[in-house]
Amino acid sequence: MDQLGALETLLQEDRVFRPLPGLVMEANINPQELASAYQLAAHDPLAFWENAALELQWFRRWDKVLDDSKAPFYKWFTNARCNIVHNALDRHIKTANKHRLALIWEGEPGDTRKLTYFELYRAVNKMAGALKNLGVVKGDRVVLYMPPLPETIIAMLACAKIGAVHCMVFAGFSGKALKDRLRDAGARCLITADGFYRNGRVVPLKPAVDEILEEQDAVDICVVVRRAGIEVEMHPARDVWYEDIVRHEKPEAMTEVMESDDPLFLLYTSGTTGSPRGIVHSHGGYMVGIHHTLNWVFDIKPTDIFWCTADPGWITGHSYVVYAPLLAGTTTLLYEGHPLYPQADRMWHITAKHGVSILYTTPTTIRMLMRYGNLFPRQHDLTSLRMLGSVGEPINPEAWVWFYQTIGRGECPVMDTWWQTESGQIMISPMPVGLLKPGSVSKPLPGVEADIVDRTGAPVPRDKGGLLVIKKPWPGMMQNVWNDPDAYRAYFEKIPGCYVAGDVARRDEDGYFWMQGRADEVINVAGHRLGTAELESALVAHRAVAEAAVIGIPDKIKGEVAKAFVTLREGVEESDELAKELKEHMKRELGPVAELKSVKFRKDLPKTKSGKILRRLLKAEELGTEPGDISMLEEE
Ligand code: WTA
């Protein structure tokens with residue numbers, strides 16, 4: 001927010017959906033339990049989180065739930081000892097979970113691999129032994145430049161098991177991004193693959209790695225997983241095949257005893273503006289935060305097949321593809337390829353084939369699939385689905401309703417979960433037994449104290465937008481920014497006593513939160529401050545529009561005016577009349593302040609590789625300025 005003062009509310013969304021009675025009856029947390037959880041958490045949040053921690057196994061219990069003596073460097077579960085892998089794998093081997101499926105993996109060409117908890121446990125142990133043999137020790141950073149493969153999960157868990165700190169770099173990132181992260185993390189071991197399948201092509205990875213490693217002599221071990229079967233160069237002193245190093249390892253390995261706040265992983269996030277920051281998450285607090293939220297928000301049952309479509313290289317993948325489903329002892333599904341390959345029904349095909357019961361994806365994916373209409377989903381049996389989820393951007397009510405009706409048969413609640421790389425865990429989200437309002441992330445979960453304030457920290461009135469802040473620490477929170485404690489501190493310094501998330505939101509009369517976009521993208525038209533989300537949602541509600549991005553451009557009279565970039569649905573032609581109609585539509589839907597100065601049609605909107613619309617780039621193009629770091633740009 002560039003100015004003090006509240007944002008306008010434009011969008012009026014009145015639709016409300018109630019959970020089906022059957023779902024409420026069978027929910028892990030019923031409405032009474034939820035009400036008392038809210039009460040306990042409001043009154044004694046540490047007792048609430050302590051209860052959550054007691055659901056997991058610890059090698060040694062904590063002396064204190066929270067040590068805030070060095071705030072904002074909070075320490076959760078002080079002096080407790082644990083290892084997330086003990087809870088995600090080792091303990092399941094002694095229970096009925098042993099022969100349950102831990103992982104269903106599908107490659108883009110259609111090849112499938114399934115691993116039980118026992119099989120995954122043994123594979124992880126072998127890799128843990130192999131890493132130790134290569135000289136990797138507790139505290140070492142290991143960079144994983146890996147596509148979505150079973151070995152990606154195996155390598156992550158193997159690192160954690162021996163106390164090494166994994167640092168995933170999304171395989172779609174360039175060599176330059178890899179180089180920066182290798183340097184910042186100070187890694188000497190890199191794990192990668194020869195290549196992978198994406199959109200019907202083999203994408204080579206190892207050659208890019210070779211180029212980087214020539215100049216990066218700090219890395220002296222490179223483990224290569226064979227996936228694509230392409231010819232690659234292996235440097236005898238540095239490179240080893242995964243299959244060779246695990247072949248003779250024992251299927252048992254020691255799980256390192258970690259302090260609760262020992263780092264589990266680094267994950268680089270760029271925010272919307274600046275250079276990447278290595279967000280540090282720990283074993284103890286992180287494990288409690290994600291285990292609790294998966295159980296409560298997605299109502300996990302042992303029989304579920306949980307498909308979170310995120311790449312393991314994003315935080316959503318770390319928390320809800322890899323760690324939380326395994327902590328819960330459920331089955332997680334991982335897909336290697338592109339959601340439109342070989343055609344736009346791949347996701348429905350996978351859902352039907354494997355009987356996916358919970359599907360957690362992004363607004364971008366939903367809008368993309370919606371663009372292809374209802375025919376594809378209708379060709380598949382989607383009745384195994386019982387719950388849906390969304391994360392990563394504000395979801396437009398139109399896309400929400402399509403997801404709910406067309407994919408969820410009007411029976412599967414949509415959990416629109418708000419959280420961040422920094423938060424580690426879901427923070428604001430509906431619960432399966434609550435009322436759903438399309439486009440609202442509902443309320444902060446019990447134990448999460450969120451508020452909406454202006455730049456001075458003063459609360460903004462109901463139904464006005466302001467900065468979203470978190471007022472109390474939570475267990476899954478980042479522990480630090482790698483090599484940059486000042487960057488960590490900065491999150492807590494803008495408003496005293498608060499974590500400032502960088503998003504703008506408003507709260508309605510029922511206390512439901514509505515995300516309005518990023519704070520640094522707020523548009524100020526003649527003193528009216530508008531979030532991007534509502535403007536874009538109104539555009540997406542027009543039958544011709546598939547996706548929209550709105551930016552503010554400087555204007556002599558009004559300060560700023562809004563300009564829209566729009567992609568159209570299949571079969572719709574762009575025209576000046578349509579642009580005019582969209583401008584009229586906006587005024588009709590949102591009122592005169594929502595006047596668009598101009599509408600530009602585009603074939604695609606620029607997005608980050610994780611699917612977020614890059615408004616910053618549109619703005620730079622428009623103003624002819626420098627766009628800043630664009631290494632996260634999706635080129636497809
Ligand atoms: C945005 C992804 C609206 C928000 C887990 C946040 C959302 C950023 C939602 C974090 C949501 C995430 N509604 N906006 N349900 N979920 N965001 O670090 O701007 O990749 O700050 O973490 O995504 O993105 P990140």
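**The ligand and its surroundings**

Tutor: Context first. Residues 534-612 are 28% helix and 34% strand, and their end C-alpha atoms lie 16 Å apart. Helices (H or I, at least four residues) and strands (E, at least two) are DSSP runs, numbered from the N terminus. UniProt lists this stretch, in an unreviewed entry, as "domain: AMP-binding enzyme C-terminal". UniProt positions follow the numbering used here, feature names are shortened, and annotations may be inferred rather than shown by experiment.

The model is predicted: local features need pLDDT of at least 70, side-chain atom pairs count only at pLDDT 80 or more, and totals for chains, interfaces and linings use all residues. Residues are numbered from 1 along each chain as its sequence is written, and side-chain values use heavy atoms, leaving out hydrogens and water.

Now the ligand. Its shell holds 17 residues, and Asp 416, Thr 417, Gln 420, Thr 421 and Asp 503 come nearest. Near means that a heavy atom of the residue lies within 4 Å of the molecule or strand. The shell divides into seven nonpolar, five polar and five charged residues. Here Ala, Val, Leu, Ile, Met, Phe, Trp, Tyr, Cys and Pro count as nonpolar, Asp, Glu, Lys and Arg as charged, and the others, Gly among them, as polar. α11 (315-328) and β25 (513-518) each supply at least two shell residues.

Look at the atom pairs. A polar side-chain atom of Gln 420 sits 2.9 Å from a ligand oxygen. An N or O atom in the side chain of Arg 518 is 3.0 Å from an oxygen of the ligand. A ligand nitrogen is 3.4 Å from a polar backbone atom of Pro 394. Taken alone, the ligand exposes 530 Å², and the protein buries 90% of that. Accessible areas come from the Shrake-Rupley method with a 1.4 Å probe; for residues, only the protein chains shown count as cover.

Next, Thr 293, in helix α10. Thr 293 is buried, at a relative accessible area of 1%. Buried means under 20%, exposed over 50%, partly exposed in between (1.4 Å probe, protein chains only). The side chains of Thr 293 and Tyr 320 make a polar contact of 2.5 Å. That term covers N or O pairs within 3.5 Å; within protein, one atom must be able to donate a hydrogen and the other to accept it, and residues adjacent in sequence count only if both atoms are side-chain atoms.

Gly 284 also belongs to α10 (residues 284-298). Gly 284 is buried, at 0%.
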